[in-house]
Amino acid sequence: MAEVAPANAESTEAWSGPLFERFVRFRPYVAEGLGRHGEAAMAAHPPRPGDRVLDIGCGFGDTTRRLAGLVGEKGLAVGVDVSQPFVQLAMEEAEAEGLANVDYFVGDVQIADLGGPFDYVFSRMGVMFFANPVQALRNVRRAMRPGGRTVFVVWRRKLDNGWVHEAEQVVERYLEHPEETEEPTCGPGPFSMANADTVSEQMAIAGFAAIELRRCDLPLTMGADLDGAVDLVMSIGPAGEVLRLWGDRADEIRPTITAEIRGVLEQYETEDGVVAPSSTWIVSAVAPDV
Ligand SMILES: C[S@@+](CC[C@H](N)C(=O)[O-])C[C@H]1O[C@@H](n2cnc3c(N)ncnc32)[C@H](O)[C@@H]1O
């Protein structure tokens, strides 16, 4: 077991258990929906052939493998994640593909020895869950070559991500965030870096320079049909999180919530499934000479 900062123990439990299981269940939509944003970030700030790359909170490790392709066989792509089952799966899949320039390890980015020095550090939705973001970002910066670049994809504000926000508003009409729960929570949460000023400040305090935020708006497929999309937002994201924390105590109200969420998601039904607008920041910065 890798060492985890005490304040990240609870989210590690969540990402290694219930959230891992949910991400596996919705993997095709996670890979495609987040994939578009990840590709846009890599296109805006590509790594160079031969770079040594770190992929933070790599999850299934698909982005790590993609980065390995971009840096080529003279480069190296390393994925790190605090969740052992995610890393296990990522390693098995890289091995099955016979990739030689990919590696993964289990670690809490806030405190782990990340190795390096890395020329390029990427993350697709893997930097929003640290209990102490500045400590984690500083740890990342220390593992970078001076002049190296970070490229992070994080959610922008909920208002521009109606696909999760509208479902969350439905749930909030009936259930508050429970004060008492047996379930581990995922940490600060997926929207914790949505505020441009906050993220810029966190990056600056962690020692990064040339910090830039670029807005990225892309369609996101939530499901093949309405039932699938309702299942997704009631399982992952802010609405899913509150429902998970309530567990079977929410069983009585669940059919009402399901029907109302179905109603709000109807607007996103298309011939190609349920497709909604989604919005992220591509956060890029440079590790300065120190
Ligand atoms: C929303 S998922 C994104 C996964 C993947 N990057 C993707 O785009 O599919 C967030 C990931 O961050 C990881 N994570 C959360 N806290 C972490 C920490 N302290 N150190 C390393 N990884 C962490 C989780 O285990 C999870 O795999």
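This is a predicted model: local features need pLDDT of at least 70, side-chain atom pairs count only at pLDDT 80 or more; totals for chains, interfaces and linings use all residues.
Two residues are in contact here when their C-beta atoms, placed from the backbone, lie within 7 Å.

**View 1. Helix α5 and the elements it packs against.** The buried residues of α5 pack against α2 (18–25), α4 (62–71), β2 (76–81) and β3 (102–106). Helix α5 itself covers residues 84–96, which makes 13 residues. From its first C-alpha to its last it reaches 18 Å, close to the 18 Å expected at 1.5 Å a residue. Which residues of α5 are buried? They are Phe86, Val87, Ala90 and Ala94. Seen down the axis of α5, these buried residues fall within an arc of 95 degrees, so they line one face of the helix. On the face turned away from that buried side, look for the exposed residues Glu92, Glu95 and Ala96. After α5 comes glycine 98, which has a positive phi, near 70 degrees.

**View 2. The shell around the ligand.** There are 23 residues around the ligand, and those that come nearest are Trp15, Gly57, Gly59, Val82 and Ser83. The elements giving two or more residues to this shell are α1 (9–16), α3 (27–44) and β2. Sorted by class, the shell holds 12 nonpolar residues, eight polar ones and three charged ones.

**View 3. Strand β4 between its pairing partners.** Strand β4 spans residues 118–124, and seven of its seven residues are buried, so it is largely enclosed by the rest of the structure. Strand β1 (residues 52–56) runs parallel to β4 and is joined to it by three bridges. Strand β5 (residues 144–155) also pairs with β4 in the parallel sense, over six bridges.

**View 4. Glycine 223 and its surroundings.** Glycine 223 belongs to strand β6 (residues 209–223). Is glycine 223 buried or exposed? A residue counts as buried when 20 or more other C-beta atoms lie within 10 Å of its own. Glycine 223 has 21 C-beta neighbours inside 10 Å, so it counts as buried. Leaving out residues up to four places away in sequence, glycine 223 touches Tyr29, Gly228, Ala229, Asp231, Leu232, Gly273 and Val274. Glutamate 269 lies 46 residues from glycine 223 along the chain, and 9.4 Å separates the C-alpha atoms of the two.

Key
Residues are numbered from 1 along each chain as its sequence is written. Helices (H or I, at least four residues) and strands (E, at least two) are DSSP runs, numbered from the N terminus. The expected span of a helix is 1.5 Å times one less than its number of residues. A residue is buried if 20 or more other C-beta atoms lie within 10 Å of its own, exposed if 12 or fewer, and partly exposed in between; C-beta atoms are placed from the backbone. The arc is that of the directions from the helix axis to the C-beta atoms. A residue is near a molecule or strand if its C-beta atom, placed from the backbone, lies within 6 Å of it. Ala, Val, Leu, Ile, Met, Phe, Trp, Tyr, Cys and Pro count as nonpolar, Asp, Glu, Lys and Arg as charged, and the others, Gly among them, as polar. Two strands pair if DSSP finds at least two bridges between them.
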